[in-house]
Amino acid sequence: MNAQQLARRAAAADRHDAAKARWPDRGGAGFTVELEAVIRELQALTGEMPADTRASVEWARTFRWLGDAYFDLARGTTRELLLRGAEAYRSAERLLAASDPLELGKLQVNWANTLRGLAGIEDRGMADAALEKYRLLAQHDPHLLPMVDDLLASHEKLLSIWAMRDQMAAMPTLDPATATRADVVRMNTQLDQAATQIRLDASTIDRSVQRLAEQAGLTVDTSEAKQQVAQLGGGNEMAMLFDLLRQRFEGEVREGKVEPSRAAALSRLLDELQEFAGPPPDDIAELAYRTTRMRELIARIVPLMQRPSHGLSMPPEGSRAHAVLLRWAALGTQIAALANRPNAGPRTAEAGRSLFADAALLDRELYVAGDDDVAALTLERERLRGHAAEARRFALLGNLTLARPSFGPTEVHVHTDRVFFAGSSAVRTVVERAASLVGMRLQPDPAGEVYGHARWVQLREAGLGVFDFTSARTPALRATVAYELGLARSLGVPVVVIRDDAKVPFDVAVVPVELRGDDSDAQRIAAALDDASYSLPAEGASDGIVPTARELIARHGDDSAHPGVAYLLRELGDRLAEPDAKAIEHSLRAVLLQLADAGLVLLQPAWPAGYPAAGRPRLFHVMPFAKEFDHAMAVVERTCGHDVDYARHDRTADDRIIVSLWHEICRASHVLVDITGLNENVAMELGFADALGKAALLVARSGTVRAGLFPSIEVRRVHEYADDAQLAGIVARFVRPAAATLARAPKTWPSLAASTARPGIAAIAAQLERALREDATTDGLRALLQQGPLAWTNPGSIPEVVQFVRGYVGSVGAALEATWRVAVERGVAPRVAPMFDRIEQYWANPHDVLPDHLGLAGVCDDAYLAHQAMLAIRGRELGIMPSPEELQHGVVMRNVVIGEPFASQLDALVVQIVLGAGPAWGA
């Protein structure tokens, strides 16, 4: 296009924008006149395109704007205009090809919206074509992927509503004389789900499309979606639901299936409840009262419906189905209470109602099983335990916590029939017998793996955990059990605690099973397994998900290197205005997925989340509560001084011991753990810290623990102290800020000129020595720092930075060689060799995150990637935890030298190296 044509197009676009600004509802004669003039001008322009034009971004953009004008004039619904717009978009796609991903992305989404308008409420083929355009948009522009995911979800919801509408239309009329309560529940569930989805869909589509438009600069309208929702909504679905419910209820009363007192109570409640089934009032205060009153009435109805007849006899006492039904009814009551709690939010309430409806249907399956124990156990294994686990996750939704577990990323699948056991071999035999009684089985002891990591994976895979505290004379075993109980509570895994006459650590907030040493032990443990499987946390719902959302926004809200993350974080922030836990969870997981940081995960612990205060270090001191440790506490507090907040458990005001411990560890930036004597309370708190991924330092009095460390921590470094001075020095190095680490960096670092173990390591050593030798001659790193292209901007500290970088880079070879040597010695070299291959490939690539032609600065990224990968490999594959110094050096290199956005890219590559998901970088 020539300059004159571009100017005419710009004028038409301005006129289009002005019309939308003046008539935001796209209505009225004035808007029509303006849009028709815009269309005539754009049509005239497209008619001037040379006939032999094969590819042109500008002509494609002109056709796209013509399609946009047709779309707006059609208000998303007028079929003839939409067809013309679709033809314009088709011409734009032919001219655009794949030459401009962003322009192609804009075209795809506008074309998809046009197709969706053409689909109306009946044409699903056109709707599927629109869905395919949305998918193409994600392929052409990855930056828009998170927004498109949300848009796809809303569109697929609309398709599911169509399917549900057809299903409802085909629903047979139920005969009140023969229909069972299960039939009523099933029909009511379908009606309620359809109504809820219909109500949610308009706002979901509207928000998704408008957000996409805002981000991509698109012209879209969502009025057609709202019109479709209005057509699908029909009449008052709540009134329909009550008519069906009362019809079935009265039928069962006539047939004598409901005892008289229960029938009278339910009838009164239904009368009250049906008063609220009319159209919602316009007055906000009246609406709030009506909503609260309905929740109160539903809470009263649910207990009366715990024992529905289903037209079947209750399974006989002593049968497996009877034992489970007693617990299943209570579970349904708990789910209903969670679903109907005030201010739950629409998505949370919808999820709770769905869980409750499914529980009611499964209830009938237990009636059908009757005295067939095999059928009941099969139902438990295939459906009941999975549903109970889903309900537990729903109950703990408010406790979602950001964590970076010390064991690294683990992708697992939960097996609800598997039991994690920690304890003595004698009690294990009893627990195995108990598990077999309820159709469960114990996990085997890990073999040939790093013990601590293997146990963490087992615990995440298990349906529940059993923790045996009967071994009073074996402190190391009891410490192991306590440590793994701390991990389980951090994961929200349901637990069973076993004891004899020995005490359990603190108040574990679980009623223990006391062994008697007779044949009844297995039966009572089996009952406890059932209780744990089919009950929800006693702590109840929490709103801790809001602090978690705010923490994620605070950490990554300015992450300009990830446009998709920025969009999702804005949406997450918007959702905090009216918190809906299920909606917030969706946004949290979407952000973590886009961050591509496999080390950062969401846990669902037994208690709500908490986080350290920004910019202020806080050390939590974990130690046995004994007079002999008072002096050590004073030394640590004095060493923290005014720069670091010092906390210990005996100073907290909360009298709920285990809950207050959890909160203190969550709030700490550093956790100092004194494992002198292998105190089991200390071990459990260490489990909390490791699950959360806190910077935890293990200390002990000299000569007190090394020979007796329990298996999960026996490979970790324990800093021993003989006197006050040694303890103070250990603590000072642990809590020292990064700037102090930089100032006190070693004058000389371990280095390696060449290696004979792996040729790749030898090549890396030669490359970094060349870079160091060149920098010593040219002083290139100092010059770059002075110019400011990296993160460092304090000229007075540049000499210290240069010294630090030279040492850090020069130590890479030694770190690689030492890690490889240990891997060979422990027989895991074949497993870690592919990781070393990927590291060496990155070093060999001159065009990586920081190009190698920058000299010493150009290998800073290579050195950081290698060091961080070594730390991950040691922890994941060798069970060697990093020292505080190693962690601090990595922080300085990441934040002081490299900076963003490069540091986040390198962190993601480290995760890919360890997981085997990274690219094979070529030289």
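Helix H28 (residues 759-778) comprises 20 residues and extends 29 Å from its first C-alpha to its last, close to the 28 Å expected at 1.5 Å a residue, where the expected span is 1.5 Å times one less than the number of residues. The model is predicted, so that local features need pLDDT of at least 70 and side-chain atom pairs count only at pLDDT 80 or more, whereas totals for chains, interfaces and linings use all residues. Residues are numbered from 1 along each chain as its sequence is written, and side-chain values use heavy atoms, with hydrogens and water left out. Helices (H or I, at least four residues) and strands (E, at least two) are DSSP runs numbered from the N terminus. Within H28, the buried residues are Gly760, Ile761, Ala762, Ile764, Ala765, Gln767, Leu768, Ala771 and Asp775, buried meaning under 20% relative accessible area with a 1.4 Å probe and protein chains only. Just after H28, Asp779 adopts a positive phi of about 55 degrees.

The protein holds 35 helices and 12 strands, and 54% of its 923 residues are buried. Of the contacts in the protein with a separation of 6 or more, 74% involve residues 24 or more positions apart, a contact being heavy atoms within 4.5 Å.

An open sheet is formed by 5 strands in the order E3-E2-E4-E5-E6, with parallel pairing, two strands being paired if DSSP finds at least two bridges between them. Strands E3 (441-442) and E6 (513-514) are the edge strands, each pairing on one side only. Strand E2 (residues 415-422) pairs with E3 in the parallel sense over 2 bridges, and Arg418 has Arg441 in E3 as its bridge partner. Helix H17 (residues 451-461) packs on the sheet, touching E2 and strand E4 (462-468), and its direction makes about 140 degrees with that of E2; such angles run from 0 to 180 degrees between N-to-C directions of lines fitted to C-alpha atoms, for helices over the stretch in contact. Helix H19 (residues 520-533) lies across E4, strand E5 (495-499) and E6, and runs at about 155 degrees to E5.

Strand E10 is largely enclosed by the rest of the structure, because 5 of its 5 residues are buried. In a regular strand the side chains alternate between the two faces of the sheet. In E10, His670, Leu672 and Asp674 point one way and Val671 and Val673 the other way. E10 runs parallel to strand E8 (residues 618-622), to which 4 bridges join it, and it pairs in the parallel sense with strand E11 (residues 695-701) over 5 bridges. Val671 is the bridge partner of Phe620 and has Ala696 in E11 as a bridge partner. In the loop between strand E10 (670-674) and helix H25 (680-692), Leu678 has a positive phi near 50 degrees, in a residue other than glycine, and is buried with a relative accessible area of 11%.

Asp861, in helix H33 (residues 860-878), is buried with a relative accessible area of 0%. Leaving aside neighbours within four places in sequence, Asp861 is in contact with Tyr842, Asp848, Val849, Leu850, Ile898 and Leu906.

Terms used: Buried means under 20% relative accessible area, exposed over 50%, partly exposed in between (1.4 Å probe, protein chains only).
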